[in-house]
Amino acid sequence: MLLAIAKTLPSDGTSKYVAAAYIVFVVLLVVYVAIMAAKLARIERELRELAGFAEHRANGEGAAEADTAADSPAPAEAEEVTSNG
Amino acid sequence: MYGNGLRTLSIATVAALAVALSLVAFYAPLESEGFVQKIFYLHVPLSIVALCGFVAGGVFAVLHLRSGDRRWDAYSYVCIHLSVIYGVGVLITGSIWAKASWGHWWVWDEPTLVSFLIVFLMYATYYPFRYAIEDRDQQARYASVFAVTAGAFVPLNFLAVRLAESLVHPRVFATTDGGLPGSMMLTFLVSLVAMALLWVTLVKLELTAKSASGQLKRLRRALDAPASGGSSRVAPEVS
């Protein structure tokens, strides 16, 4: 489509001004979209970090619970210890 | 929530821009000014949408001041932000058109040009004004007062310019000596719709990014996670 439009440009000096105006608009749009893409990439990175942090903490808590369970005697053993006196 | 319908809106915007560009290139007739008049279909819709965006920013600021809901402040901020970007486009495309038509990049005694520059510079001060205040509630309140005052100035300024005597800048939609011919009017209206759709899409995109950023911070606080080394700007957020 851009090639077809380029063919409609007259050969006089005014066409460069028209082309420049439309190019400025496209450049502004591209710069804005690039900034937004960078922002979204930062959000995605932070989200990944946060997910990693949450997983790490969940694993840490799970391991701590397992350690606590291993350290405390099983119900049968506890009963035995109590009866033995 | 803010991302809902963004894809549809983006497709509609791209389609509208493609139709508008096709009409400008292949359908709109050349008038007495010659080929350079094609800048009209870019410059004028950009300026109309930018000015309407400034007014919309003022309306959202009124809603914020009435309700105290920070969401409206974020809407107002984003409207003004996008309109300032459009304003940059208006000034650059206008200068290019001026150079091609009048032989000068800028004409200081032309009310239309100078008044738009005044509006643009006024809104350019919105950012330092806003970010100079650290307290978020105070920042939102002061920024809303600014947006309401400046938003009310925009239509008044427009009226004053219409009443003033123009030196070189054309009054295209004059009521006395007719308006645009049908084919030019159609092209102009399609361009205007395309620019308005683009503005709405970009506002929605910006709000979606702000919402995601705000929710990420809430999640970080809830998880009691260490702060990341990201932006420390006190920009408004939506959740």
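Two residues are in contact if their C-beta atoms, placed from the backbone, lie within 7 Å. The model here is predicted, so local features need pLDDT of at least 70 and side-chain atom pairs pLDDT 80 or more, while totals for chains, interfaces and linings use all residues. Residues are numbered from 1 along each chain as written, with chains lettered from A and ligands numbered from 1 in the order written.

**Exercise 1.** Work out which part of chain A gives the most to the side that touches chain B.

*Solution.*
- Start with the totals: 26 residues of chain A are in contact with 31 residues of chain B.
- Next, find the elements giving two or more residues to chain A's side: α1 (2-8) and α2 (15-71) of chain A. Helices here are DSSP runs (H or I, at least four residues), numbered from the N terminus.
- α2(A) gives the most, with 21 residues.

**Exercise 2.** Check the span of helix α4 (residues 111-124) of chain B, then find where its buried residues lie.

*Solution.*
- The expected span is 1.5 Å times one less than the number of residues. For these 14 residues that should be 20 Å, and the end C-alpha atoms are 20 Å apart, which agrees.
- Now pick out the buried residues (20 or more other C-beta atoms within 10 Å of their own; exposed means 12 or fewer): B:Thr112, B:Leu113, B:Phe116, B:Val119 and B:Tyr123.
- Look down the axis of α4(B): the buried residues fall within an arc of 130° (from the directions from axis to C-beta atoms), so they line one face of the helix.
- Turned away from that buried side are the exposed B:Ile118 and B:Leu121.
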